[in-house]
Amino acid sequence: MKNKKIKAKIAGIEVNVKEGTTILEAAKTVHIGIPTLCKHADLPPTAGCGICVVKIKGSPKMLRACCTPLENGMDIITQDPELVEVRRTILELILSNHPNDCLKCGRNNNCELQTLAGDFGIREDSFEKLLRNLPEDKSTKTIELIPQKCILCGRCTNVCQQIQDVWALSFLERGFYTRISATGDIELAESPCIKCGQCSAHCPTGAIFEYDETQKVWDALMDPDRFCVVQIAPAVRVGIGEEFGYPPGTNLTHKLYAMLKRIGFRGVFDTSFAADVTIMEEATEFKRKFEKDKKNLPLITSCCPAWVDFMEKYYPDMIEHFSSCKSPHQILGVLSKTYYAEKNGIDPSKIFMVSIMPCTSKKYEITRSSEMSSSGYPDIDVVLTTRELGRMIKQADIRFKHLPGEDPDNILGEYTGAGVIFGTTGGVMEAALRTAYKMITGEKLKDLEIKKVRGLKGIKEATLDIKGTKVKAAIAHGMGNVGTVLEKIREAKKAKKETPYHFIEVMACPGGCVGGGGQPYGVNNELRQKRAAGLYSDDRGHKVRCSHDNPYVKELYKKFLGKPLSEKAEKLLHNKYKKRPVYKR
Amino acid sequence: MVKTGELKKIVSKWKDKEGNLIMVFHEIQNRYGYVPRDVSMKLSEMLDVPLARIYEVLTFYNYFDLKPPGKHTISICMGTACYLKGANELLKKFRDLLNVSEGETTQDGLFKLNVVRCLGCCGLAPVVTIDEDVYGKVQKEDIPDILAKYAVKEKNA
Ligand code: SF4
Ligand code: SF4
Ligand code: SF4
Ligand code: FES
Ligand code: FES
């Protein structure tokens, strides 16, 4: 029964699909377009907007394609003058509650509502304009909520509640007064929000978007007193191209370095280098616990600030298992203001460090605790998302196409294959195991590619034999999946049983940072896969594929830090966690 | 303020019944005259229902109040007759004097400002009631004196 096939026609073309396939999905298989607005590929249909209506031949009834399963023998009409008329009216009704603010909106040029209004040739307000007067919420300084622009599609609530299991957003009131709000009608910064930005990556309109800080960066670049330096995260190199017409997953690393130099940065670094440093520290932490303190395992990765925030709010009992490592970009930041500054005779107070991240929560991270300024200067001055960088490049109007590839600035630029796969789910685990294996056994891991940790399954498990001990690893991405893994740990602890896992990687965003909340719009699993593939091929293309083999990392330890977990490393590269209230009021 | 033991009793009464969320909050509303925020938070834990869901329900139905009721309820009639006789002006004056919008309670918790439909005494339009007291043919200049009566009463109490 399960694999029963459905045979039907869509726009005159025969389709054969599995039972349960919606009309919308079936139409896609034969490249027939049906307009949608509330439906998102990651999410179940809410059937909220009605723009996807279609008809069955011979019946006047209209069906919503996004939530109606195709049935045997159906002959679906996707386009006719009546359908166009109905869709236009639906659009006009939505627009009657929506401000005509496009020119000044954060989504100008890439808003799904604006695009539809353009496609349908809407030229006037056909219904009386009725706007709700609702306050904006910029409290998190990470994402902005502008409820007046909300079309009530339900994508953000779905992502935040079902995929992320955070429940920071919900609809309040009803009818015309229905509005999107932080849970319990408070400010987002007081709510359980973990700043992952998945809501902003899924919103079709300008109702939720990243807190734009591009102007701060332009100002710093203009200030002759500032020495502006920049770093790019792994996931950015395979995402930014989408803003400029490159196929998803195209790796623009070297062109990006050149671009950032043209924009005016005097030092161009790579977060992947710091990821290699993170691995040195984290693998050493693992080795310590593995050899002397097995009871204290699992070790849990800490490079995702949204996950750290979630843990501090919902799983403070896991603090003892957390790696104390700062996230890679913080590490690079602190090294730029110490090691790099020293080496090049630059006054660290003049250095202005910009992180280009796939991530909104890193905007929050840079001030989350006093250790984020452990050198006496803030590790990072501004975080920009991939989307914000895209806008800066457009403002500068420099074309990737005609840029030669360039190299990053050493001593904080050269990275290994292990450092760059940090940007995808499973990547941190794979990189860490490559180095932990070497640290514990003294030998090189034979097969560097640990396939079981790769891919988009919500929870992945892998076992690696290290000196006769079967090391059990678990990888979770999409915050909603982490509970399952941590509950197992809690249970084992309660029952005083052996831990089910020794090493756990968590990334808040589905797919990991390649699917980060600050990445270019339109994310779905196909895109996540392509972006990840871009990183894995970068890894394969590297001669040096293990963090401990990075010559610049070795030099860093020899000349500056001593060894992993040295006093200096502890002070600069590590941080502490504390229990935080889920609600601030 | 609200005792945990009391909440537990209410919860256990409704625990296994259909639609228990609404019934539990009905009881809270009836008992306290509104649903205090900390009660919602506690119940969210006890019932294992996200606060987001609770607020969705609480704001969906007009029945629930999320702010404490004012000691005195001011009702301004906006029925046709009163409206024609300038009730709108009265509303404006009340708003300015009390620094609240309709549906809200003043900072000191003394007054809640409401707008209501025809009170059935159109001959007296425009009509304002405060608790059980009815004021007819109200001029906006009268309002400060009217309010003062209640404020003074409060002070002497
Ligand atoms: S940033 Fe993440 S946690 Fe916060 S409201 Fe958006 S989806 Fe929810
Ligand atoms: S804020 Fe955006 S994603 Fe959320 S319901 Fe409104 S339009 Fe949809
Ligand atoms: S998974 Fe990556 S992009 Fe998403 S919140 Fe964590 S660090 Fe940021
Ligand atoms: S896309 Fe189908 S109802 Fe909105
Ligand atoms: S309109 Fe005010 S009492 Fe009837």
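Q: How does H1(B) pass H3(B), in a left-handed or a right-handed crossing?
A: H1(B) passes H3(B) in a right-handed crossing, a term used if the near helix is turned clockwise from the far one by less than a right angle, anticlockwise being left-handed. This is a predicted model, in which local features need pLDDT of at least 70 and side-chain atom pairs count only at pLDDT 80 or more, while totals for chains, interfaces and linings use all residues. Residues are numbered from 1 along each chain as its sequence is written, chains are lettered from A and ligands numbered from 1 in the order written, and side-chain values use heavy atoms, without hydrogens and water.

Q: Why are H1(B) and H3(B) called oblique to each other?
A: The axes of H1 (residues 4–14) and H3 (residues 37–47) of chain B come within 11 Å and cross at roughly 50°. Angles under 35 degrees count as roughly parallel, over 145 as roughly antiparallel, 65 to 115 as roughly perpendicular and the rest as oblique, and H1(B) and H3(B) are therefore oblique.

Q: Which residues make the contact between H1(B) and H3(B)?
A: B:Thr4, B:Leu7, B:Lys8 and B:Val11 of H1(B) make the contact with B:Val39, B:Lys42, B:Leu43, B:Met46 and B:Leu47 of H3(B), where contact means heavy atoms within 4.5 Å.

Q: What makes H9(A) and H15(A) oblique to each other?
A: H9 (residues 271–292) and H15 (residues 427–441) of chain A pack at an angle of about 55°, with their axes 9 Å apart. H9(A) and H15(A) are therefore oblique to each other, and H9(A) passes H15(A) in a right-handed crossing.

Q: How many residues of chain B are in contact with chain A, and what area is buried between them?
A: In chain B, 11 residues are in contact with 14 residues of chain A. The area buried between the two chains, meaning the accessible area (1.4 Å probe) lost on being put together, summed over both, is about 1,100 Å², with carbon and sulfur atoms giving 62% of this area. B:Arg37, B:Ala52 and B:Phe60 supply 38% of the area that chain B buries against chain A, more than any other three residues.

Q: Which residues come nearest to ligand 2?
A: Of the 13 residues around ligand 2, A:Cys150, A:Cys153, A:Gly154, A:Cys156 and A:Cys203 come nearest, a residue being near if one of its heavy atoms lies within 4 Å.

Q: Which helices of chain A each supply at least two residues of the shell around ligand 3?
A: They are H10 (305–314) and H12 (361–365) of chain A, and the residues surrounding ligand 3 include A:Cys304, A:Pro305, A:Ala306, A:Ser361 and A:Lys362.

Conventions. Axes are lines fitted to C-alpha atoms, for helices over the stretch in contact, and angles run from 0 to 180 degrees between N-to-C directions. Helices (H or I, at least four residues) and strands (E, at least two) are DSSP runs, numbered from the N terminus.
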